[in-house]
Protein chains: 2
Amino acid sequence: MSTNFAPLKNDTFLRALLRQPTDYTPLWLMRQAGRYLPEYRATRAQAGSFMGLATNPDFATEVTLQPLERYKLDAAILFSDILTVPDAMGLGLSFAEGEGPRFARPLRDEQAVRALRAPDLGSLQYVFDAVTQIRKTLDGRVPLIGFSGSPWTLACYMVEGRGSDDFRTVKSMLYDRPDLMHHILQINAAAVAAYLNAQIDAGAQAVMIFDTWGGALADGVYQAFSLSYMRQVISQLKREHNGERIPCIVFTKGGGLWLDEIADSGADAVGLDWTVNLGKARAQVGHKVALQGNLDPNVLFAKPEQIHAEVERVLQSFGKPEAGSGHVFNLGHGISQFTPPESVSALVDAVHTLSRRMRS
Amino acid sequence: MSTNFAPLKNDTFLRALLRQPTDYTPLWLMRQAGRYLPEYRATRAQAGSFMGLATNPDFATEVTLQPLERYKLDAAILFSDILTVPDAMGLGLSFAEGEGPRFARPLRDEQAVRALRAPDLGSLQYVFDAVTQIRKTLDGRVPLIGFSGSPWTLACYMVEGRGSDDFRTVKSMLYDRPDLMHHILQINAAAVAAYLNAQIDAGAQAVMIFDTWGGALADGVYQAFSLSYMRQVISQLKREHNGERIPCIVFTKGGGLWLDEIADSGADAVGLDWTVNLGKARAQVGHKVALQGNLDPNVLFAKPEQIHAEVERVLQSFGKPEAGSGHVFNLGHGISQFTPPESVSALVDAVHTLSRRMRS
């Protein structure tokens with residue numbers, strides 16, 4: 001099924017992840033297919049809902065490609081949601097208008113936790129179908145990234161039942177019943193590994209693990225309840241498929257203090273948010289991993305000259321790329337729905353122009 | 001006015017801040033006078049509103065002392081709000097029930113920014129009266145901490161007009177019109193220094209600067225827009241009053257990556273949140289500053305045995321106190337309103353018992 005894809009025309013992103021020389025610094029944006037684009041809002045209106053978009057491979061393909069029509073981005077990322085996996089576990093995902101995601105059946109007691117099972121991958125076939133269709137439609141233009149939430153980040157939603165600003169419910173369980181939390185994380189880790197491997201089989205050319213809420217954990221607790229399960233996922237990933245190397249990126253938002261340990265997780269690249277000094281981070285990880293990041297998405301509310309200046313600051317903080325190091329430009333978090341689309345043009349242009357100049 | 005206070009019976013907290021030997025690790029809790037205490041809720045109901053509490057020195061004294069009646073805490077902290085200063089600048093503070101603070105007149109354009117003036121300290125007399133009355137009522141039991149929000153954290157609320165999860169408005173101004181942002185911060189820094197000095201004159205025995213939102217800034221931007229203005233405040237603080245040394249604590253939540261620079265700010269002690277490894281932090285700062293922190297407040301939702309174990313982990317991470325180092329135990333953020341009051345008993349007992357044992 002995933003054979004017979006067109007050869008890749010722009011492999012800059014994959015090369016940077018594998019710390020091979022590139023002519024310029026490749027970039028893509030977390031949540032690049034999203035509400036800041038009028039064409040996205042139009043397709044979403046047609047689909048009726050967020051899950052209507054995500055579960056229909058035609059719509060998912062359409063919105064995944066929309067930002068590539070506007071901007072010279074160096075990668076596409078599957079349009080989906082990190083909560084498809086717990087949804088397939090039977091927790092009952094819904095998106096209320098104007099609010100975030102919600103689960104109808106969160107894991108609130110021992111009985112619910114003990115009843116949790118890894119999802120039947122068949123119920124996630126719509127995701128793998130979307131991956132294959134997007135890859136075909138891309139026709140080798142840029143690589144396609146598959147993704148999943150981290151075991152801990154999924155657990156946050158599965159226990160809280162929704163977003164949280166203090167993670168009181170999930171952390172209460174973690175501190176009071178660490179055995180139950182480990183039980184959930186064990187199941188999540190197996191599910192995430194299987195889910196990512198199925199995306200790779202379907203055509204994903206790189207995979208990323210989003211640990212959106214790892215940074216909410218205490219030192220020591222992060223290592224035991226988030227990082228160790230990501231390590232477990234990474235160790236089970238297919239690192240090669242049809243003769244091609246499949247790089248893996250791991251991103252713990254707010255995880256800058258744990259960079260040494262994250263760089264030892266087995267991932268090929270580490271995502272960084274804007275609080276991290278890229279130059280220091282590069283010196284710290286050496287030639288172990290590539291780095292991805294790390295512009296504050298709020299820079300995109302400024303004038304083009306300021307965007308240009310901030311991009312330059314990020315590129316110079318990383319410094320001139322050399323053999324053995326790799327930098328993929330990105331935001332330090334998903335792009336805001338309120339971003340003016342023309343700011344993204346200024347961003348893409350600045351990254352490509354300035355990074356070519358730095359190499360010459 | 002601030003002379004003739006009773007001599008201090010328990011100076012453990014002040015000694016630890018000044019890195020002098022203590023018999024045990026002193027502790028207090030951010031937001032220790034608050035909604036988790038039924039007696040606080042009763043007084044607040046009497047006062048009618050949060051600002052009704054804060055602006056009445058009798059009520060402020062009553063609630064400040066409530067946690068000390070229950071627990072052997074080693075410091076009291078003035079009951080007030082970080083937004084009293086921008087309120088006194090005329091921005092119109094209110095607290096809507098069930099929501100956070102709001103300003104009626106946020107700083108949204110150049111005209112509003114240029115019209116901003118330092119507050120008349122006379123309009124904050126209720127704060128200084130509360131400080132003096134609390135200090136008198138404490139009768140030397142434990143030291144009294146005064147506090148203020150940091151210039152940047154105040155600016156976040158002043159520009160956003162309320163809490164925010166992405167700081168889009170204030171960061172848009174920061175990136176698009178850094179000149180306006182610096183103008184606000186300059187006025188805030190002068191106001192915060194004057195406000196803290198007036199609290200010291202009124203009887204505060206230590207002061208703390210809460211930089212709640214510094215951790216939302218990008219590397220480089222934090223240094224220029226938050227830390228440099230805190231440094232300016234600290235350089236203007238009275239470090240001695242009536243022959244007594246007044247220590248200063250600075251706390252940037254999420255600022256662990258910038259510890260080296262924060263430790264060079266001129267403060268006597270640095271507050272840390274739970275993402276920081278205390279042992280590493282101690283090695284990093286050497287004998288430059290004391291450290292305050294850093295238990296995850298969510299630990300207080302666990303059983304007493306687990307609270308005990310997590311307290312031990314924090315104390316052992318800091319290690320055995322030696323001459324020249326100082327540790328004040330605290331949470332890494334304000335105590336949750338949902339905390340069972342008996343958990344705080346377990347916490348206080350664990351910190352005092354275990355830390356005495358570590359020293360023997």
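**View 1. Helix α10(B) passes helix α11(B) in a right-handed crossing.** A crossing counts as right-handed if the near helix is turned clockwise from the far one by less than a right angle, and as left-handed if anticlockwise; helices are DSSP runs of H or I with at least four residues, strands are runs of E with at least two, and both are numbered from the N terminus. In this predicted model, local features need pLDDT of at least 70 and side-chain atom pairs count only at pLDDT 80 or more, whereas totals for chains, interfaces and linings use all residues. Residues are numbered from 1 along each chain as its sequence is written, with chains lettered from A and ligands numbered from 1 in the order in which they are written. Helix α10 (residues 178-202) and helix α11 (residues 221-236) of chain B pack at an angle of about 30°, their axes being 9 Å apart, where axes are lines fitted to C-alpha atoms over the stretch in contact and angles run from 0 to 180 degrees between N-to-C directions. The two helices are therefore roughly parallel to each other, a term for angles under 35 degrees. Contact, meaning C-beta atoms placed from the backbone that lie within 7 Å, involves residues including Met181(B), Leu185(B) and Val192(B) of α10(B) and Phe225(B) and Tyr229(B) of α11(B).

**View 2. In the interface between the chains, 29 residues of chain A are in contact with 29 residues of chain B.** On the side of chain A that touches chain B, α9 (168-176) and α14 (304-318) of chain A each supply at least two residues, and the largest share, five residues, comes from α9(A).

**View 3. Helix α9(A) has buried residues, namely Val170(A), Lys171(A), Met173(A), Leu174(A) and Tyr175(A).** A residue is buried if 20 or more other C-beta atoms lie within 10 Å of its own. What covers these buried residues includes α8 (151-160), α10 (178-202) and α11 (221-236) of chain A, together with α14 (304-318) of chain B.

**View 4. Ser80(A) lies in the loop between β1 (76-77) and α5 (84-91) of chain A.** Ser80(A) is buried, with 22 other C-beta atoms within 10 Å. Not counting residues up to four places away in sequence, Ser80(A) touches Ala54(A), Ala60(A), Val127(A) and Ala130(A). The C-alpha atoms of Ser80(A) and Arg31(A), which are 49 residues apart along the chain, are separated by 9.8 Å.

Notes. Contact = placed C-beta atoms within 7 Å. Buried ≥ 20, exposed ≤ 12 C-beta atoms within 10 Å, placed from the backbone. Parallel < 35°, antiparallel > 145°, perpendicular 65-115°, else oblique.
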